[in-house]
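Visitor: I would like to know what stands behind each label here. Let us go through them one by one.

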Amino acid sequence: MGEETGQMLYSNLRQLITTVDELRDVGLQKYVNLPRIVVAGTQSSGKSSVLESIIGLDVLPRHAGVCTRRPLELRLVHLDEREHGKDEAFAEFADNPRKFTNFSEVTAEIERLTDSVAGEKKGIVDEPITLTIHATVCPDLTVIDLPGITRVPLKDSAQGDDIEQVTKDMTNRYIQDPRTIILAVMAANQDLSTSDALQMARKADPKGTRTIGVLTKIDIMDRGVDAMRPLRNEEIPLRLGYVGIKNRSQEDIQSKMKVQDALKAEEKWFSEHPKYSKLPPGHAGTRALVDKLTVVLYAHIKAFLPQICTEIQDKRSKVEQRLRELGDGVPVDPRERTQLMWTLINDYCEMFRNTIRGKHDRRLQMYMHNEDVIAGGCM
């Protein structure tokens with residue numbers, strides 16, 4: 001992607017993402033499905049490492065067991081280095097006016113918000129946390145990180161024996177939406193045909209038009225084995241293809257290697273690899289993944305925005321019509337209330353006479369419809 005083309009694309013994407021995020025903030029997602037990127041994968045697939053590579057910062061909780069126990073909606077806002085310091089970064093949580101500049105405190109706040117709703121015994125709850133990160137190192141994207149698919153409940157936790165079904169059901173609820181881009185994260189050192197994330201993505205998106213495969217742990221595959229076939233989209237084809245990622249190792253994390261240093265090491269590793277270095281551009285590395293997500297999300301939002309506007313107008317028209325049917329409400333003044341009562345009685349009598357005469361009266365249909373709605377709600 002050329003620098004000038006990339007800047008124009010990022011600028012346009014920022015405007016579209018801001019529009020969608022504002023619609024989501026006012027609760028529109030409850031009534032109209034909005035475009036989004038959802039990260040799906042098993043507990044040990046390396047989802048957190050992929051997300052931190054995309055963000056460019058250490059921000060996500062890391063410990064034994066399930067790290068993500070509430071969906072985390074990450075709104076990434078790129079800061080222009082020409083207007084901000086080179087390493088400037090800060091974070092904000094929804095419903096919290098504080099601006100966080102220490103990202104270890106951001107990690108602690110994610111854990112606190114998780115425990116406050118899901119409990120301290122590793123429970124999993126489908127109540128998202130919204131976190132906005134402004135940084136010079138992050139791209140303009142909005143990504144939702146889901147709890148990893150978990151097969152066995154942790155000992156002495158609030159997780160039941162059905163934890164696998166619970167995590168799969170939650171993932172399915174998000175990826176079934178045709179306006180959702182699926183980022184299916186899977187380990188390259190395991191058989192792709194058995195990947196839960198890929199199997200679920202293919203069921204929700206049979207044509208593979210909105211699924212991007214991400215292959216992690218590509219550097220720890222068995223000797224003599226590589227991921228060239230899946231990266232060339234020759235094994236289980238996806239319309240949007242696959243991208244290989246080299247995450248930080250556990251040793252790198254424990255030695256406090258910064259994400260930016262890891263990204264440089266990743267780029268160097270792929271460029272020097274005897275096979276992966278020969279792949280066409282866009283198949284390996286975090287930068288390739290970010291560029292792919294940017295292009296796909298831009299096209300996705302642009303394609304669906306006219307439909308979303310139409311749906312909003314349609315729902316608004318129905319609500320306005322219903323409000324007109326309900327009238328102006330009950331008057332406060334006693335005389336006006338008496339007048340309203342006489343008007344309603346006269347209208348009812350007129351509807352009754354029209355019914356006897358076989359004359360169509362739309363008001364009666366509205367009345368009967370409302371009675372059915374009330375009766376149905378009471379059953």
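**Labels and their grounds**

Guide: This is a predicted model. Helix 9 lies across strand 1, strand 5, strand 6, strand 7 and strand 8, at about 155° to strand 6.

Visitor: What else lies across strand 6, and at what angle?

Guide: Helix 5, residues 196–204, running at about 155° to strand 6. Helix 5 also lies across strand 1, strand 7 and strand 8.

Visitor: What makes the sheet open, and in what order do its strands run?

Guide: The order is 3-4-2-5-1-6-7-8, eight strands with mixed pairing. Strand 3 (89–93) and strand 8 (242–244) each have a single partner strand, so one side of each is left without a neighbour in the sheet. From one strand to the next, the twist averages 25°.

Visitor: How do you know that strand 1 pairs with strand 6?

Guide: Pairing takes at least two bridges. Five bridges join strand 1 to strand 6 (residues 180–187), and the two run parallel.

Visitor: Why is strand 1 called largely enclosed?

Guide: Buried means under 20% relative accessible area. Five of the five residues of strand 1 (residues 36–40) are buried, so the rest of the structure largely encloses this strand. R36, V38 and A40 point one way, I37 and V39 the other way. In a regular strand, side chains alternate between the two faces of the sheet.

Visitor: Why is R151 called partly exposed?

Guide: The partly exposed class lies between buried, under 20%, and exposed, over 50%. R151 has 46% relative accessibility, so the label is partly exposed. R151 sits in the loop between strand 5 (141–145) and helix 4 (163–175). Beyond its sequence neighbours, R151 touches I163, E164 and D196.

Visitor: What makes L326 exposed?

Guide: The cut-off is over 50%. L326 has a relative accessible area of 52%, so L326 is exposed. L326 belongs to helix 9 (residues 286–326).

Visitor: Which residues make the nonpolar surface patch?

Guide: V319, L323 and L326 make this patch of about 290 Å². Membership needs over 30% relative accessible area. L326, at 52%, therefore passes that cut-off.

Methods: Residues are numbered from 1 along each chain as its sequence is written. This is a predicted model: local features need pLDDT of at least 70, side-chain atom pairs count only at pLDDT 80 or more; totals for chains, interfaces and linings use all residues. Side-chain values use heavy atoms; hydrogens and water are left out. Patches are made of residues with over 30% relative accessible area and no salt bridge: like charges are joined within 9 Å, nonpolar side chains (Val, Leu, Ile, Met, Phe, Trp, Tyr) within 5 Å. Accessible areas come from the Shrake-Rupley method with a 1.4 Å probe; for residues, only the protein chains shown count as cover. A salt bridge is a side-chain nitrogen of Lys or Arg within 4 Å of a carboxyl oxygen of Asp or Glu. Helices (H or I, at least four residues) and strands (E, at least two) are DSSP runs, numbered from the N terminus. Buried means under 20% relative accessible area, exposed over 50%, partly exposed in between (1.4 Å probe, protein chains only). Contact means heavy atoms within 4.5 Å. Axes are lines fitted to C-alpha atoms, for helices over the stretch in contact, and angles run from 0 to 180 degrees between N-to-C directions. Lists of a residue's contacts leave out its neighbours within four places in sequence.
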